[in-house]
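I opened this entry to record what I looked up on sheet order and helix packing. The model is a predicted one.

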Amino acid sequence: QISKSITETDMKNNLLICILLFVLAGCSQKSKVKYIFLLIGDGMGFGQVYGTEIYLSKSDKDSTYLKFTHFPVQSFATTYSASNTVTCSAAAGTAMATGRKTGNDMLGLDYRDMQPLPTIAEIAKSRGMKVGIITNVSINHATPAAFYAHRRSRREYEPICRDAISAGFDFYGGGGIKIHRSSVVSEDSLVSDFKKAGYSVLRGTDSASYHIRNAAKILMLQSSKAENPTALPPAIDRREGDMKLSDILRTGIDFLYRNNKKGFFIMAEGGMIDWMCHANDARGAISEVADFNNAVSLACEFYLKHPEETVIVVTADHETGGMTLGNKDYEFNPDILKHQKSSLMRLSRKISRLRENKADFKRLENFLKEEVGLGYPIKISAKEEEEIRQCFEKTFVTDRLMKKTRYAKIEPLAQKAVEILNRHARIGWTTKEHTAAVVPVYALGCGAERFSGRLDNTDIFSILSGLLE
């Protein structure tokens, strides 16, 4: 079983030693890749990565770097789709999974003739390898679905879920299963379909060791009593007992490695990075990148035990939000973000409760000091105080004008508070949607050198499939 913990110092020293050996000797020409980790930070651009590292260096002396930024091979990839300069997750996931560009919203289909394209996961499975598809959002969301589904729309949630069953992969893990609100199909009925197909269903982590020993295939989801039934809680909102991306990945690695002579392919997605960036929630995004890094650390632990047979690739499907670091006075102050105690989504829910309780402006001011640090310890200007007051009068007293992001409806006062906090941190955003920016690519292990130089996202498939030959 993969170790559940490793000290920061030991991990750093061991990883640096392996990187040094990699650089000096390279991967043996006789070695064959047996274990593949493709780790995707959804929406994670260079700004999100470097911003997280600076935040950690200023606010957490024990975690001053991200594991993957110390990989020996570092590059970047273009992400445009066949239909748009700015891709969506479905098209970008398809490009990485199949090596072919397709149109936005499409999954696993050729853009011209709409025929299914074989994915790297399906190829690995056909060669006897075990396959795991992991995410911290729903298992039938766009990025994980790109590795097993072949659909004209990423919103065909129920058929996509049945594609997962048909693919027959060995391990699926995520927050839950997404369904249309108007659908007559329930999550319970889809879970029942998995059971009929031979999957052991694991809710939470309590009985993970039993399932690893006894299951033929596993579907791992969070508790059905979770606050959001389709996605794990954002890292900043996590409470004791909540399932994490690293919990799913640890269970997946242990299960796929057990009694396995032909190796495995694992795709693990940090999907919440994208959600936080769609909301322009810098603190939330940084927390998600750091949490994603914890999952990468597990892959690194595995690599240290199997360095000649393992390759780890860390990348993103696209950048979200156009995040910029330092937008005034030659300053960047991410440590200010530590005063934000909740994600924008949870902050919004708390403010909604204040509205329901008919809180006055003084109560709101005290709340913002407690929850975001605005007023104390962060000094705000008279102009910013007036911005908050006007927003209060318009949205508490007069109207309730909710702000809509890609994945949530947000109280305007919550959005305004986070906007002012970002302003003091000197973090800027150009959009609440995706951008056409290139994304980082980091690689470690056997064949990692092939990821050098300028890449396109389709090259991820080409290189990984080449390593399987």
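I find 10 strands in an open sheet, ordered 5-6-4-3-7-1-8-15-2-16, with mixed pairing. I then asked which strands stand at the edges. These are strand 5 (199-203) and strand 16 (454-456); each has a single partner strand, so one side of each is left without a neighbour in the sheet. For the twist, I noted an average of 15 degrees from one strand to the next.

I next looked up the pairing of strand 1 (residues 35-41) with strand 7 (residues 264-270). The two strands run parallel and are joined by 7 bridges.

I turned to the helices. The axes of helix 6 (residues 157-167) and helix 7 (residues 187-196) come within 10 Å of each other and cross at roughly 15 degrees. Angles under 35 degrees count as roughly parallel, and helix 6 and helix 7 are therefore roughly parallel to each other. I also noted the hand of the crossing between helix 6 and helix 7, which is right-handed.

Which residues make the contact? On helix 6, I listed Glu 158, Cys 161, Arg 162, Ala 164 and Ile 165. Helix 7 contributes Leu 190, Asp 193 and Phe 194. Sorted by class, the contact of helix 6 with helix 7 has 5 nonpolar and 3 charged residues, and no polar ones.

Terms used:
Residues are numbered from 1 along each chain as its sequence is written. This is a predicted model: local features need pLDDT of at least 70, side-chain atom pairs count only at pLDDT 80 or more; totals for chains, interfaces and linings use all residues. Side-chain values use heavy atoms; hydrogens and water are left out. Axes are lines fitted to C-alpha atoms, for helices over the stretch in contact, and angles run from 0 to 180 degrees between N-to-C directions. Helices (H or I, at least four residues) and strands (E, at least two) are DSSP runs, numbered from the N terminus. Angles under 35 degrees count as roughly parallel, over 145 as roughly antiparallel, 65 to 115 as roughly perpendicular and the rest as oblique. A crossing is left-handed if the near helix is turned anticlockwise from the far one by less than a right angle, and right-handed if clockwise. Contact means heavy atoms within 4.5 Å. Ala, Val, Leu, Ile, Met, Phe, Trp, Tyr, Cys and Pro count as nonpolar, Asp, Glu, Lys and Arg as charged, and the others, Gly among them, as polar. Two strands pair if DSSP finds at least two bridges between them.
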